[in-house]
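The structure comes first, then the text.

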Amino acid sequence: MQTSTQEPPPSSSKPKSNPALSMTSGPLKQAAESARTRTSEIMKSDTVARISKFIHTPYMVAALPFINGGISGMVATTVVQPVDMVKVRIQLAGEGTALGARAKADGRSVGFKERATAGLSAGGLAAMIGNPADLALIRMQSDGLKPLAERKNYKSVIDALSSIAKSEGVGALWAGAAPTVARAMALNFGQLAFFSEAKAQLKQNTDLSPRIQTLTASATAGFFASFFSLPFDFVKTRLQKQQKGPDGKLPYKGMADCFTKVAKQEGIMRFYRGFGTYYVRIAPHAMVTLIVADYLGWLTK
């Protein structure tokens, strides 16, 4: 008699889920994520508090105007530099091609007039493009000199530009554009025209080495750049930092009005007060720019 044995059903390899565990895993996961988020927020707020505390220390309060001014100056230079480089290359190109080729085609050589015209034109264009950044630089540097109640406390260059545009209109970003352009043209007239002319004269009339010629010409250009541009720089700063008085009027109506009032009230020499400091600021920059540009021009011939 045969007896049949019934085999047990195959057991599944997948473990059975625990209902109690699945019910608690969701809330536990949410609690863990909530705790993680809370911890992150606490850490962020603690970091922000530490940064704020550090910024408001006496040393940082004293240093911030210089830091902000330095950053804004770098931004201003960055904005203007591409056009400024084109300006320098246009002017220095007169020794080889561009201007030189045109003059050669006309049967003449590049003279002081052509060099001056190229420098004046390119410098004016660069100044017009870079005026908003230059305005922000002036506003940020002069803000710390005002009474506490009147300070804008600009956080950055972008904050200064947006604040000026909102409160005074977009056109205010080009406040003082006329003396800024005039200053740039005067600066380039002294810097580039005199550099090229001095170098040409030294090459023709002396036996100095090319390096000494370049160094001497750049030093000469730095002096004339400072001399011609300082009065316009003075007026530019006055116009860009001025604000409306209690009567709702600005102290100066424009560049000519500022020149006239300062000359009458403070004297002609007021425009050249601080020339030594201005020269120390302008001359090295002009010399380095001209020497490097001249060297790069020699390398790429």
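Gln213 touches Lys199, Leu202, Lys203, Thr206 and Leu208, leaving aside residues up to four places away in sequence; contact means heavy atoms within 4.5 Å. Gln213 sits in helix α7, helices being DSSP runs (H or I, at least four residues) numbered from the N terminus.

The model is predicted: local features need pLDDT of at least 70, side-chain atom pairs count only at pLDDT 80 or more, and totals for chains, interfaces and linings use all residues. Residues are numbered from 1 along each chain as its sequence is written, and side-chain values use heavy atoms, with hydrogens and water left out.

Helix α6 (residues 177–205) packs against helix α7 (residues 210–241) at an angle of about 170°, with the axes 7 Å apart. The two are therefore roughly antiparallel, a term for angles over 145 degrees. By class, their contact has 17 nonpolar, nine polar and five charged residues. Helix α6 also has a kink of about 30°, centred on Phe194; the bend at a residue is the angle between axes fitted to the seven residues ending there and the seven starting there.

Val262 lies in helix α8 (residues 255–266). Leaving aside residues up to four places away in sequence, Val262 touches Phe234, Arg238, Tyr252, Gly267, Arg270 and Phe271.

Conventions:
Axes are lines fitted to C-alpha atoms, for helices over the stretch in contact, and angles run from 0 to 180 degrees between N-to-C directions. Angles under 35 degrees count as roughly parallel, over 145 as roughly antiparallel, 65 to 115 as roughly perpendicular and the rest as oblique. Ala, Val, Leu, Ile, Met, Phe, Trp, Tyr, Cys and Pro count as nonpolar, Asp, Glu, Lys and Arg as charged, and the others, Gly among them, as polar.
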